[in-house]
Amino acid sequence: MGYFHSVRLEEDKCKGCTNCIKHCPTEAIRVREGKARIIQERCIDCGECIRICPNHAKIAVGDALTALAAYSYRIALPAPAIVSQFAGQAGLERILGALIALGFDAVYEVALAAEIVALATRRYLDNYRGKRPLISPACPAVVGLIQVRFPSLVEQILPLATPVDVAARLARKEGMAVTGLPSQAIGTFFISPCPAKITAVRQPQGGLPGPDRVIPLAAIYGDIRQHLATAVPYPSRAGATGYGWGHSGGENASIGGRRLLEVDGIHHVIAVFTRIEAGDFDDIEYIEAQACPGGCVGGALMVHNPYLARLELRQLALCLPSGPANLPEAGSSLVAAPVQPRPALQLDTDLATAIEKMQRLEATQAMLPGLDCGSCGSPSCRSLAEDIVRDEAQDTDCVFVLRERVRVLAEEVVELARKLPPSMAQPERRDKDAAPGNS
Amino acid sequence: MKDNIPSLEMAFPVRARDFLAGGDGAARIRRVLQQVGFPPAIIRRVAIAAYEAEMNIVIHSEGGELKAQITPEVITITARDTGPGIPDIELAMQEGYSTAPREIQEMGFGAGMGLPNIRRCADELEIKSAPGQGTTVNIIIYNR
């Protein structure tokens, strides 16, 4: 089962420390032979390991500008948060113009698609009578988290396409209309603030079309900056509400309503989802959940400090109209495929065997010291117990268990060293435990 | 050994009025069921029932224990507490009926939905209680 992931390890930079394993929300990393190994089925590409790695050994693989050559008409799809990285240095239209200077033929703002999605979401919520709260599908790391850790919540993911996909579909249609070129000659390039969106594009849910390529912001940050001063302004069509999607709370603000909740930072998202699975939060209409602190401005592939980026984005939005006068017709571009669970944490496909393994797991965990130190290469004592049950580790991988074994062994060695053969020892110096009359 | 149906048992102490830790036991049970591989719909029913039962101990009792017994066919949740007991179980089962003190209702708990929510999730529900005798709630959910 090949599952594409954008998050990778640069082997020679990895020092085998245990920072990343402790922060991974799906316990998808182990340190083995001095290097971090990502368990592919569990990784949700949230980028927590990229953020935390002190050696910058975790990277995200995306496309480069050279990929533009594969298409005759190239459309850039900048995520709303992207402009925050340059907002202090140039106005919106000049930032969009810098993308043209890099070789793109047109720009389709994802912020514009976000406004279309917001309107459709509002309509959907007004007519929705099912299980609450509905959860935003916009953050792919959150969707991955639900698939792996909260499978019962997949049915509460709002069944609408994300702004990225809507932008790609509408941009393609517009590009074909403007140029008269066939679909395959048009290239749509998402400029991504995070690795999760790279993965989502390469591995779309249900195979519905999205952008053709993804370029990480970090990869072209310098190029864009270089062109800011000389770029010819490119007309923006999106408004303040669309650009608000770039930071936490912006999506909810553009949808509008009274019981909308926003949560950002993947570990906070986990806390909220745990309560939803326990039946809480059912008086909440909609949850905007974002894996990165502060929302997309805090994306792991962004360059600037997330809090400064949020400020810049808000300031920039103040100069924009609240929303465009007439939104493009969305048509079928809002269709989304249903999200399926990814049962990567399951111990066994057979229930009875899985329960047996769980019994062993609980018993093994009880023997471990509970320090969650990570020295064994697994993120916690419980996950080491899990790895042992899965035959991927052994109990002596725990330094404390090993130490205890060594102590017992050492005592035995001392004990044995004291023993002398009867030919040498006085009777009283012989081992008291020795069976009587045996010599 | 192979003829025996594997059965996993877990027990968590629950402290009265500990709203910070309240719900941890139910969350642990949920994670275990998920790792074992029960269907999401079953996990959800168990998670809700266990959470409500655990919070009932936190809100109404003087402390107790949340237990889970897990086999491939059936999951049993038992919440046992020492506490005031329920004088009128039928009344306590009514939606919106609550004896939670005001300060707890102001925290957003005690809306009178605990036992009704448990009943909705359970295949079988048994409540043993009498004034001054504490309460034992036994919840059975079949995996089918």
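**Cores and contacts in a two-chain model**

Modeller: The largest nonpolar core has 106 residues, and those with the most contacts inside it are A:Ile75, A:Leu77 and A:Ala167. This is a predicted model: local features need pLDDT of at least 70, side-chain atom pairs count only at pLDDT 80 or more, and totals for chains, interfaces and linings use all residues. Residues are numbered from 1 along each chain as its sequence is written, and chains are lettered from A and ligands numbered from 1 in the order in which they are written.

Biologist: What makes a set of residues a nonpolar core?

Modeller: Its members are buried Ala, Val, Leu, Ile, Met, Phe, Trp, Tyr and Cys residues, joined through C-beta atoms within 7 Å. Buried means that 20 or more other C-beta atoms lie within 10 Å of a residue's own, with C-beta atoms placed from the backbone.

Biologist: Why is α1(B) called roughly antiparallel to α2(B)?

Modeller: Helix α1 (residues 24-36) and helix α2 (residues 40-60) of chain B have axes that come within 8 Å and cross at roughly 165 degrees. Angles over 145 degrees count as roughly antiparallel, so α1(B) is roughly antiparallel to α2(B).

Biologist: What meets in α1(B) and α2(B)?

Modeller: B:Ile29 and B:Leu33 are among the α1(B) residues, and B:Ile43 and B:Val46 are among those in α2(B). The contact residues divide into eight nonpolar, two polar and two charged.

Biologist: How many residues does each chain give to the contact between chains?

Modeller: Chain A gives 20 residues and chain B gives 22. Contact means C-beta atoms, placed from the backbone, within 7 Å. On the side of chain A, α13(A) gives the most, with seven residues.

Methods: Axes are lines fitted to C-alpha atoms, for helices over the stretch in contact, and angles run from 0 to 180 degrees between N-to-C directions. Helices (H or I, at least four residues) and strands (E, at least two) are DSSP runs, numbered from the N terminus. Angles under 35 degrees count as roughly parallel, over 145 as roughly antiparallel, 65 to 115 as roughly perpendicular and the rest as oblique. Two residues are in contact if their C-beta atoms, placed from the backbone, lie within 7 Å. Ala, Val, Leu, Ile, Met, Phe, Trp, Tyr, Cys and Pro count as nonpolar, Asp, Glu, Lys and Arg as charged, and the others, Gly among them, as polar. A residue is buried if 20 or more other C-beta atoms lie within 10 Å of its own, exposed if 12 or fewer, and partly exposed in between; C-beta atoms are placed from the backbone.
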